[in-house]
Amino acid sequence: MAGGSVLLNELHRKATRWDKIVDEIVRLEKKIFPKHESLARSFDDELKKKNSGLLYLEINGDVVGYVMYSCPSSLCAIITKLAVKENHRRQGHGEALLKASIEKCRSKGIHRVSLHVDPSRTSAMHLYKKLGFQIDTLVKGYYSSDRDAYRMFIDFDKD
Ligand SMILES: CC(C)(COP(=O)(O)OP(=O)(O)OC[C@H]1O[C@@H](n2cnc3c(N)ncnc32)[C@H](O)[C@@H]1OP(=O)(O)O)[C@@H](O)C(=O)NCCC(=O)NCCS
């Protein structure tokens, strides 16, 4: 990774910088995702849910990427968001965030991580496949009436 101090952090509920970090993420979220796919309006509430977690990447104090996940049960987790700021892409940050979130889930004893992705998101599709995610099924109209999603998953050994 080129230049600057790169930090991968977990956002804790009681973090003193909570408002600043969430503001920066909401700004990125609005820029990167279309309205119907964006969590911008509900980010704060999503994050406060007991079973959700967020890892973010800071370069020289600026948030440049984030991954959000939730664990609806003790056995499965869902990656609900992954994004990297446009001018910081293709430097390994997305992969580092995704791997770190998968490790978090593994360390909780989770057996399956799943996610939904618009098949036209080529970069994300490549990344998920690179890390071993498989396509489960196509979910028609997942994002909107004319936008479908692949449900993808990765399973861990049960030992
Ligand atoms: C998907 C995303 C998070 C990837 O972040 P990134 O930091 O650029 O990704 P990385 O540099 O870590 O790349 C890791 C792998 O992803 C894949 N990838 C990333 N960008 C790609 C591109 N433009 N074309 C093809 N594959 C790509 C490759 O497999 C790459 O591995 P490689 O470098 O060995 O080829 C980023 O493109 C993004 O924020 N996109 C918009 C939001 C989005 O689509 N989020 C997912 C919604 S479910």
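The legends below accompany several close-up views of one predicted model.

In this predicted model, local features need pLDDT of at least 70 and side-chain atom pairs count only at pLDDT 80 or more, whereas totals for chains, interfaces and linings use all residues. Residues are numbered from 1 along each chain as its sequence is written.

**View 1. The shell around the ligand.** The ligand is surrounded by 19 residues, a residue being counted as near if its C-beta atom, placed from the backbone, lies within 6 Å. The closest are Arg89, Gly94, Glu95, His126 and Leu127. Helix H4 (122-130) gives the most to this shell, with six residues; helices (H or I, at least four residues) and strands (E, at least two) are DSSP runs, numbered from the N terminus.

View 2. E4 and E5, by contrast, pair in the parallel sense over four bridges, and Cys76 has Arg112 in E5 as its bridge partner.

**View 3. The surroundings of Val67.** Leaving aside residues up to four places away in sequence, Val67 touches Leu55, Ile79, Lys81, Leu82, Leu97, Leu98 and Ser101, where contact means that the C-beta atoms of two residues, placed from the backbone, lie within 7 Å.

Note on methods:
Two strands pair if DSSP finds at least two bridges between them.
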